[in-house]
Amino acid sequence: MQQTIVQKSIRGFAILATFGFAVPALAQDAGPDAVFNIPDRPTLNFYGVTGLIDMPSAEALPDGQFTVGVSNFGGITRSTVTFQASPRLAFSFRYTGIQDLNLAGFETFRDRSFDVRFLLNKERRYLPAVSVGLQDFAGTGIYAGEYIVATKTFQEVGPLPGTFKVSAGLGWGRLGSAGSIGNPFGGTRPEFEQGSSGGEPSFDQWFRGPAAPFAGVEWVINDKFGLKAEYSSDAYTQEVDTSGIFTRRSRFNFGAEYQVSDRVRLGAYYLYGSELGFNAQIQLNPKTPPTPIRTAPAGPVAQRPSRASQPQAWSTDWVVNENAPVILRDVMAPRLESSGLRFEALQVTADSAELRMQNLRYNATSVAIGRAARVMAEVLPPSVETFRIVTVENGLAQSAVTIRRSDLEALEYDAEAAGALLAVTGIGEAAPRLENAIENEEYYPDFAWSLGPYITPSYFDPDEPVRADAGLRFSSEYRPAPGWEIAGSVNLRLTGNVGDSVRVSNSVLPPVRSNAVLYSRGSDVVLNDLYVSRQWKPGNDTYARVTGGYLERMFGGVSGEVLWKPVSSRLALGVEANYAVQRNFSGLGFQDYSVATGHASAYYEFGKGYLGQLDVGRYLAGDFGATFTLSREFRNGWKVGGFFTLTDVSSEDFGEGSFDKGINLTIPVSWFLGSPNKRVVSTTIRPIQRDGGARLNVPGRLYEQVRSGHRNALEQNWSGVWE
Amino acid sequence: MIGRKGFLGAIALASAVLLAGCSSKNNTDTKVLADTSKQVFAAIRARRQNKGPQPVVQVTAEQLANTKVAALQVNPEQRGGSDFLRRVTQRNDDQFGTVSVWRASDGALLHIRGGVLVGSRGIGTDIISSDATPTIRAISGARSGQGERRYFISNGDYTDTELVLSCDIDNLGREDTQIVNLKFSTTHLRETCVGGANNKVRITNDYWVQPGNGLVRRSRQWTGPLSGYFELVLLKS
């Protein structure tokens with residue numbers, strides 16, 4: 001059963017658009033004067049990691065770089081995603097198809113593998129770059145190999161133009177299978193074991209068994225062309241000797257590469273003295289948006305008349321006018337609306353004002369704060385000196401940002417406008433409700449709907465690696481009062497083949513996730529979810545949520561959550577308790593299986609964008625355990641993370657993969673759209689979806705709703721206040 | 001690969017994608033999809049009918065005579081064409097030089113302090129703020145000078161990058177400026193800046209300054225990584 005249904009289907013589609021179509025169309029936006037866009041992109045090898053042709057090099061990608069590599073030779077296709085998670089550490093996830101390998105009963109053998117590599121030494125004047133890598137360290141092990149490699153760069157050797165990158169290294173495992181020079185660290189290495197469940201790190205094998213040297217050179221002739229030659233240490237024992245899928249006549253490989261565009265590089269190669277190969281490399285960096293966001297500029301901050309020349313304008317007599325708050329609201333609300341903000345409440349005194357508003361448009365809350373402050377400066381009487389701005393997200397007041405009006409007026413053209421304003425701005429807690437405030441009476445009740453296409457992909461079925469269902473989705477939401485929401489969505493499937501898979505659940509656990517195929521076969525009209533939720537703040541630093549109904553495609557029930565997250569705290573703690581009943585494959589009914597599931601969670605912001613999360617509790621199949629998640633979040637909202645879950649289910653009972661693990665990816669829509677937009681597309685990819693360590697998908701979990709308005713998020717994007 | 005429902009379903013889906021959804025409000029998933037596809041198509045169209053940069057608009061003597069308010073002609077070099085900016089406000093703060101804020105026809109703003117571009121809004125990868133005090137001092141006296149220039153430049157995703165440059169302002173001597181039918185006696189100052197990562201950022205700004213009042217009549221200034229250089233002509237101060 002190799003199935004992963006990725007929920008939030010439409011998002012996958014949008015991600016596709018990012019990588020697929022948007023890339024070439026955006027090149028024209030980067031002008032020749034792009035001083036910050038000095039290209040820095042080491043080339044990739046057939047494994048989709050920095051390297052030569054089939055062998056790795058020691059180069060690291062630029063920090064944060066994302067690459068997609070697709071290579072093919074001798075009936076072997078490898079598709080690899082690599083992420084440079086820190087300046088020294090990179091992770092790769094690979095999906096491989098080997099035609100006619102005739103292993104484990106599959107004509108075409110398909111496998112997933114993970115790599116990790118670490119840059120031990122950055123290249124210096126005399127010292128080469130040195131990297132150490134583990135290839136396929138947790139899969140079924142067909143690519144299992146380790147290496148240590150050094151790379152040195154030489155500019156303009158003799159009369160030759162361009163750059164030469166010379167690499168040499170030592171490989172173990174697969175990378176030590178040809179031309180072994182001995183067994184430096186001793187030990188034996190078991191043969192590749194077909195049909196094993198895999199998934200667990202094979203600590204006992206790393207750097208064990210015979211080691212063999214490899215080497216190569218890359219000649220980067222200019223920005224467009226490059227040539228590569230290498231001496232491989234891979235014998236391709238399984239492929240050549242056992243299955244005979246190609247003939248290996250030589251250990252030398254050669255290739256030529258061409259940089260098609262800023263992000264795309266193509267190469268053609270002659271490998272192992274017998275095979276032609278090709279490699280497509282795509283590189284992008286989350287820090288470099290393809291389309292810079294153009295935010296419609298707000299005018300200059302309105303200045304108050306001088307107190308000396310117009311003292312009457314500074315009078316506080318307006319306070320006695322009972323209608324003043326109503327008038328102020330009626331003037332402010334449309335101005336906020338045109339800036340993408342929604343007025344929620346206003347409390348004014350002679351010298352201070354608190355505005356509560358929703359940010360409908362900007363993925364950085366700081367921009368919303370800046371816009372709201374400008375509207376306040378335009379509208380409020382001169383005597384109002386202190387502005388308190390509170391962003392409200394679905395009824396939850398996130399934080400109170402306190403800005404002195406004089407600072408706002410004085411610092412707009414300051415040499416360090418953003419830093420100077422931040423230094424005098426207070427970011428503090430917001431009370432759950434604003435007392436004695438004038439509120440927006442027009443907003444509630446609010447109803448919204450949308451109709452559009454959806455795609456639900458399903459990956460890694462060995463018979464058909466990518467399957468999908470597609471059709472129309474109707475969603476609607478009704479908000480009767482602040483914090484309340486009634487929402488639902490219905491899918492009408494028009495086409496698809498997820499249900500064609502013959503790989504139904506073989507799980508020994510309750511089939512809480514492995515029946516995706518049966519759900520897909522269920523019916524063409526499907527109620528995805530339909531629920532009532534209420535969220536509120538019990539205290540200044542605490543947030544709560546209760547949700548009930550059809551929570552997701554496979555489960556319905558009730559869910560309650562409480563989160564503690566002080567505005568300036570790196571740490572947040574939460575508790576969630578759910579009672580979930582498994583839904584029928586079609587219709588509105590339920591199956592016999594029900595479970596009490598829930599977690600205690602700790603979230604921590606380590607700084608520099610690294611986020612950790614630990615969830616401990618009971619999972620859908622009734623198993624107890626913990627999920628560990630580590631993510632890197634870029635300041636613009638890109639987030640890449642990995643997670644794994646260990647529970648009291650044994651790896652035998654879990655089945656293929658041994659334990660649950662996967663990758664999360666979140667991309668802000670504004671990043672590729674080039675206009676302000678709050679939405680993000682996110683997806684979770686698991687090498688395999690089994691029933692152990694599975695969590696309920698509850699809509700509207702609190703942490704992400706709350707965090708965008710807290711200190712760390714505000715400070716990271718503070719320059720947005722002036723944009 | 002398309003299964004059971006086959007061909008008809010694919011057609012229905014294709015039309016749905018083309019419709020790209022509709023909704024009662026903005027900011028939904030389907031709206032995003034619609035916007036994305038619109039943008040991709042627009043980019044493809046723009047690429048097909050790429051006519052090259054537009055020519056700079058030549059102002060006539062009559063047009064200049066009829067201009068009653070402060071006006072700044074801006075000729076973006078990369079994008080081509082011209083725009084005419086109105087002065088929105090002038091401010092004095094605790095830093096050297098008066099700030100003039102100029103608004104373009106598309107709403108974009110330029111912040112110009114003592115003739116030197118120190119900020120922009122709505123252009124894309126805008127200069128959020130910058131310190132050009134040594135340059136502004138040199139210009140105010142129409143003389144050479146040197147010093148540090150610091151920029152905070154938007155990366156186009158609500159984050160910013162600090163760029164520190166070291167600059168020399170050279171006096172290239174008297175060079176009169178012709179603006180339409182008017183001739184001004186000006187001094188040509190050239191500012192050469194180097195800095196950034198590995199000193200790879202090099203910027204050259206030119207100013208033609210009236211010696212008496214320090215007014216920059218014409219200049220060619222760097223406006224940021226995306227927009228390159230703008231020529232600024234002060235039609236009416």
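**Group meeting: helices, rings and salt bridges**

Okay, let's start with chain B. Helix α4 (residues 133-140) of chain B has T135(B), I136(B), A138(B) and I139(B) as its buried residues. Seen down the axis of α4(B), those buried residues fall within an arc of 160 degrees, so they line one face of the helix. After α4(B) comes A142(B), with a positive phi near 50 degrees.

Before I go on, some housekeeping. This is a predicted model, so local features need pLDDT of at least 70 and side-chain atom pairs count only at pLDDT 80 or more, while totals for chains, interfaces and linings use all residues. Residues are numbered from 1 along each chain as its sequence is written, chains are lettered from A and ligands numbered from 1 in the order in which they are written, and side-chain values use heavy atoms, with hydrogens and water left out.

Terms, quickly. Buried means under 20% relative accessible area, exposed means over 50%, and partly exposed is in between (1.4 Å probe, protein chains only). Helices (H or I, at least four residues) and strands (E, at least two) are DSSP runs numbered from the N terminus. The helix arc I mentioned is that of the directions from the helix axis to the C-beta atoms.

Now the rings. Rings of Phe, Tyr and Trp (its six-membered ring) pair if their centres lie within 6.5 Å; planes under 30 degrees apart are stacked, over 60 edge-to-face, and the rest tilted. Over all chains, the whole structure has 32 aromatic pairs. Take Y550(A) and F590(A): they are stacked, 5.5 Å centre to centre with 5 degrees between the planes. Y550(A) lies in strand β24 (residues 542-550) of chain A and F590(A) in strand β27 (residues 590-607) of chain A, so this pair ties together parts 40 residues apart in sequence. Y550(A) is buried at 16% relative accessibility, while F590(A) is partly exposed at 37%.

F628(A) and F644(A) have ring centres 5.1 Å apart and planes at 25 degrees, so they are stacked too. Here F628(A) is in strand β29 (residues 624-633) of chain A and F644(A) in strand β30 (residues 639-647) of chain A, 16 residues apart. There's also a cluster: ring pairs link F46(A), F73(A), Y236(A), F246(A), Y269(A) and Y272(A).

On to salt bridges, meaning a side-chain nitrogen of Lys or Arg within 4 Å of a carboxyl oxygen of Asp or Glu. E576(A) lies in strand β26 (residues 571-583) of chain A and R695(A) in the loop between β32 (680-685) and α11 (702-707) of chain A, so parts 119 residues apart in sequence are tied together. The other is D615(A), at 3.4 Å between the closest N and O atoms. D615(A) sits in strand β28 (residues 610-618) of chain A, so that pair ties together parts 80 residues apart. As for burial, E576(A) is at 6%, R695(A) at 18% and D615(A) at 2%, and each counts as buried.

One more bridge: E633(A) to R707(A), closest N and O atoms 3.0 Å apart. E633(A) is in strand β29 of chain A and R707(A) in helix α11 of chain A, so the pair ties together parts 74 residues apart.

Last stop, W722(A), in the segment after α12 (711-716) of chain A. W722(A) is buried, with a relative accessible area of 1%. Its C-alpha is 7.2 Å from that of V367(A), 355 residues away along the chain. That's me done.
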